[in-house]
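Please keep the sequence and coordinates in view while following them.

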Amino acid sequence: MLISSLGQGLLWAPLVIGVFITFRILDIPDLTTEGSFPFGAAVTISLMLHGQSTFVATMAGFLAGCIAGIVTGILDTKLGIPSLLAGILTMTGLYSVNMHIMGKSNIPLLDQKVLMNYLPESITPDVQTIIVGLIITSIVVGLLYSMFKTRLGLSLMATGNNKAMSSANGIQTDGMIIFGYMISNGLIALSGSLIAQSNGYADIGMGIGTIVIGLASVLVGEIFLRGRNILVRLLAMVFGAIIYRLLLTIAMGLGFPPDDLKILSAIILVIVICVPIIQNRIKTKKQLKQYLSQLSEGEEYEQQSEIRNISSQKLTKGILSGDRE
Amino acid sequence: MKVYDGDFISVIGNNGAGKSTLLNTIAGTLSADAGEIDLASHSVVNKSITYRSRWMSRVFQDPKMGTAGDLSVAENLVLAQSHTHTTSLRRYKKADRWNRYQELLKTLNMGLEDRLETQVKYLSGGQRQALSLLMATLSKPKLLLLDEHTAALDPKTSRDVMEITQDIVTREGLTTMMITHKMSDALKYGNRLIMVQDGQIKLDVSGEDKKNLKSEDLVGLFA
């Protein structure tokens, strides 16, 4: 169970990193995810069925996602459509595109070799998945880490943080946002491509709920691994993906039917958003009680309760905006 | 209106007179309905803010506007240093660059030199504004725009930041345009004073005339 969620988690890791780039770095909730995930799967599986090599097909899946990201980026920046709506538009449009690519709603692979089959057959499929997942995730994390250490990465982070200041410092903010959408959706499509290979088929409905999975994994990862360093933050996303898969596997083990997985995903997301808020509230209350027991005067009590209100507000806001200290 | 090389212009005027409109049009936040803006012999009218930033820097009124809060002090300075290599694939962190920033931060006298790696959002308003000022001048712009940059600060910090402004502008010989609501600042700093009213320039004095100007004269003009 642990082994299979580890492998699945690693295949989902690019998606979580993609969601992290738009949601945390650019501060945009990007719904294109739901369309670009099956887009990557559809392109990869169709190309493989048409005789392309697995590597080419996987790369094409990634590039297809990049194009989807560019479209959303242009809708958002150049046409001035609000980012949430821009994502919904691309996602909706991609449904038709995916249907055209696949021809029908589900296309299974026949006897084509997927990436995992390139490993020696003596290894069990679960371990094959882990190895492929590890290699791809390491490449993604490595490339992104070096990108964020360059001036380009810094410009990207600055754009998400303060757009007015960035353009005043010569950064082409529109271009940066499009670039962010591009790599984000490329990675999401790569994840779709890998999952399709692992499942052995592409399905038109496989994108449903991916944004919830992505956001939940981002938040789970940030609960377990905190830090300001970009490498830590990227690794937290990989952990988030794995732990999230583990949670789902446990839920399935408890006897939930697969149809209930979507509502479980939604519930997990609600929990991971709420738990830190409640934790902080209890913590501040405890600290306050401790502090108050040392005080005796009623006047100061009032002042303190005011301070408590302010600090608890700040903490709540901090979690949702990804404030890190 | 012509701004000469090395001018330090204070712009005053009552609310709604058009000071901010003037500055925003030069900066590119507002587009001009008519007229021309030339900057270092480039016509920049209706060009993007990004394009103008090659010759122009701006310090905003709100300290939060001029800096990226989630990035560290040093990273903010990197962003400000070069306005033309924003997509370079070179690593930006270099020891000699960090040392230079430390030297520059020391001149601000705000205790920032030990906080290169601190995220800017944890700095005080005064520190943030001083940093904004340093960032705006780091690329040696042809024109520095100061948009009531001390208005959000307490009186003492406000005075400190004005002193820092004066120091940097003199040291680097920057051409500067400063909007201010404080008549005393307008009189004390700069070699030229412009008063805007109803969208027109009502008064434009420089040199000796400006030095002899008194606040009573100006109050009389605020009709």
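In which crossing, left-handed or right-handed, does α2(A) pass α3(A)? In this predicted model, the crossing of α2(A) past α3(A) is right-handed. The two elements are helix α2 of chain A, residues 33-49, and helix α3 of chain A, residues 54-77; their axes lie 8 Å apart and form an angle of about 150°. Because angles over 145 degrees count as roughly antiparallel, α2(A) is roughly antiparallel to α3(A).

On the side of α2(A), the contact is made by Gly35(A), Ser36(A), Phe39(A), Gly40(A), Val43(A), Thr44(A), Leu47(A) and Met48(A). The residues contributed by α3(A) include Val56(A), Ala60(A), Gly61(A), Phe62(A), Ala64(A), Gly65(A) and Ala68(A). Classified by residue type, this contact of α2(A) with α3(A) comprises 10 nonpolar and nine polar residues, with no charged ones.

Attention now turns to the two chains. Chain B places 27 residues in contact with 18 residues of chain A. On the side of chain B that touches chain A, α2 (49-52) and α3 (73-81) of chain B each supply at least two residues, and α3(B) gives the most, with four. That side of chain B holds nine nonpolar, 11 polar and seven charged residues.

Phe224(A) counts as exposed because it has 11 C-beta neighbours inside 10 Å, and the cut-off for exposed is 12 or fewer. Apart from neighbours within four places in sequence, Phe224(A) is in contact with Ala236(A), Phe239(A) and Ile243(A). Val238(A) lies 14 residues from Phe224(A) along the chain, and the C-alpha atoms of the two are separated by 11 Å.

Methods. Residues are numbered from 1 along each chain as its sequence is written. Chains are lettered from A and ligands numbered from 1 in the order in which they are written. This is a predicted model: local features need pLDDT of at least 70, side-chain atom pairs count only at pLDDT 80 or more; totals for chains, interfaces and linings use all residues. Axes are lines fitted to C-alpha atoms, for helices over the stretch in contact, and angles run from 0 to 180 degrees between N-to-C directions. Angles under 35 degrees count as roughly parallel, over 145 as roughly antiparallel, 65 to 115 as roughly perpendicular and the rest as oblique. A crossing is left-handed if the near helix is turned anticlockwise from the far one by less than a right angle, and right-handed if clockwise. Two residues are in contact if their C-beta atoms, placed from the backbone, lie within 7 Å. Ala, Val, Leu, Ile, Met, Phe, Trp, Tyr, Cys and Pro count as nonpolar, Asp, Glu, Lys and Arg as charged, and the others, Gly among them, as polar. A residue is buried if 20 or more other C-beta atoms lie within 10 Å of its own, exposed if 12 or fewer, and partly exposed in between; C-beta atoms are placed from the backbone.
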